[in-house]
Each structure stands twice: as structure tokens, then as C-alpha cells.
Amino acid sequence: QGRYVFANPAADKVARVSEGGCLGKTDEELLGGENSFAEDDAQVLNSPEPVVSVAHAVIDGHKHIFQSIKSQYRDEQGQVIGLLGISRDITQVHTAQQQLRMSYESLRRAERLSRIGSWTLDISTGEFLASDMMYEMNGVDPKGPRLTPEDLQGLMSPADHAKVVEAINLCAQTGQSYTLDVIHTTADRGSFPACILGQADRDEQGNIISISGTVQDLSEREDA
């Protein structure tokens, strides 16, 4: 392992040493064997281009995640004599991303179990966002073209669609929430009863900026 010939105060702080305490030390001497920095160093030594990597180290009994940018350091003859690098602790970001993924997967499982799809309609742009379950319930591939309000029009009778449009317009104007029972029709499943809920979303000034809601497949409840 290489030894540090320069380290700024932030690096000393990470290693839990006094200022200048990193100089002359290896990663193993500073952090013990529970780190993966050496693997990154080996990769950089074999790459003429800077390398962006993610490594870990156990500090005070806690695992920290670091993102680094490292490059080769050469002498006047072009020989590699060391490495230059900048690292930042991204543990909190990494943890937040993991929690977000877990929350998303939990939501997907909950929607699938309860046969509920969720959606949001941006009033100013008309952009329509829907969950994967919303696509699946309506016989559409979540990885395919994005669902639009026009697509949903073809999944309901003219009378049911008119009820939905009227409720959405009233909600956008007054903020009045709504609950509607409709019949959805898809090519793969045929017709099934569904319940649509919608509510207004407001910004900090109280202006209505979007409408969000759910669509629940009631076919199992009806069969019971």
C-alpha cells in the first residue's frame, strides 16, 4: 500500500487523527483492514484516465461510503510515482437512496396486493404521471409509452368518462375531492369495476397546482 505524502485537514478528520497525522501512513494503518481503498488504488494504477469510484471504510464502528476521483501522479520522465485523489463522504446520500428504493419497492408491493394504482395530473402542463400498477391494471406495459388522459378515455364508457372529467374540472377549480365508481374495460381483462379517488394538491401559497389520486380495481371485492 502507498503512504500519504499530503492530506488536507478534512482527510485527517475522517481518519480521526490530529492535523498532519495522515502523513507517512497507509490506509490500513489509519483505518484498519476494514476498508476497500486499496482496490481503487490498484484500478487507478492501471488506468491512464481518472477513475471515479465508490469505496467503504469502517470508522468508529460505522460503515462510511466514499466517492473518489483518483488519477495517476507522474514524475518528469512520465513514470507513475503515486496517486492524486479527492474523496467525499456520501454515506448520508447513499443511505437516503437505499431508503428511497426500499420505500418505492414497498409502495409497489402494497399497490399490487391491494390492486390500487396511483396517479398525478399537473394542471399547468397537463402532464400525467402514473404508477406501474396503474399501467398494469389498464393492460398497458409500464415500460412502454407513457399513459395520457386520452388513453384512459378509451378505457371507460362515454358516460363514465364524462363523470371523471367533470369531477377533475371541479377539483381543479374549487379543490373539491371526489370519489367515483366506474367500469374500466381493457383488451386483456375485459370489463371490471373500479373506484377513482382524486384530491387537489396545493403549493405554499395555497394555489392548486395538481390533482392526485388512486384507481382501485374492485373486481375481487365484487366477486366476493
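Which side chain does lysine 163 meet in a salt bridge? Aspartate 160, at 3.5 Å from N to O. A salt bridge here is a side-chain nitrogen of Lys or Arg within 4 Å of a carboxyl oxygen of Asp or Glu. Both residues lie in helix H7, 3 residues apart, about one turn of the helix. Lysine 163 is partly exposed, at 35% relative accessibility. Aspartate 160 is buried, at 11%. Buried means under 20% relative accessible area, exposed means over 50%, and partly exposed is in between, with a 1.4 Å probe and protein chains only.

Now, some ground rules. This is a predicted model, in which local features need pLDDT of at least 70, side-chain atom pairs count only at pLDDT 80 or more, and totals for chains, interfaces and linings use all residues. Residues are numbered from 1 along each chain as its sequence is written, and side-chain values use heavy atoms, leaving out hydrogens and water.

How confident is the predictor? The score, pLDDT, runs from 0 to 100 for each residue. Its mean over the protein is 85, and 96% of residues reach 70 or more. Among the elements, helix H7 (residues 158–174) has the highest mean, 94. Helix H8 (residues 219–223) has the lowest, 61. Where pLDDT is low, the predicted coordinates should not be read in detail. Helices (H or I, at least four residues) and strands (E, at least two) are DSSP runs, numbered from the N terminus.

Back to the charges. The structure holds 6 salt bridges. One of them joins the side chains of lysine 70 and aspartate 41, at 2.7 Å from N to O. Lysine 70 sits in strand E2 and aspartate 41 in helix H3 (residues 37–45), so the pair ties together parts 29 residues apart in sequence. Lysine 70 and aspartate 41 are both buried. Another salt bridge joins arginine 146 and glutamate 127, at 2.9 Å from N to O. That pair links distant parts of the chain, 19 residues apart. Arginine 146 is partly exposed, at 49%, and so is glutamate 127, at 37%.

Next, the inside. A nonpolar core is a set of buried Ala, Val, Leu, Ile, Met, Phe, Trp, Tyr and Cys residues joined through side-chain atoms within 4.5 Å. The largest has 25 residues, and Trp119, Tyr178 and Ile196 touch the most other members. Elements giving two or more residues to this core include strand E4 (116–122), helix H7 and strand E8 (208–217). Apart from it lies another core of 10 residues, among them Ala15 and Cys22.

Look at strand E8. Here 7 of the 10 residues are buried, so E8 is largely enclosed by the rest of the structure. Strands pair if DSSP finds at least two bridges between them. E8 runs antiparallel to E4, with 7 bridges, and antiparallel to E7, with 9. Threonine 214 of E8 is the bridge partner of serine 118 and also of leucine 197. E7 and E8 form a hairpin with 5 residues between them. In that turn, glycine 206 has a positive phi of about 90°.

Two residues other than glycine have positive phi as well. Arginine 16 is near 60°, in the loop between helix H1 (9–14) and helix H2 (27–31). Aspartate 60 is near 55°, in the loop between strand E1 (51–59) and E2. Aspartate 60 is exposed, at 57%. Arginine 16 is partly exposed, at 47%.

Notes. pLDDT is the predictor's confidence in each residue, from 0 to 100.
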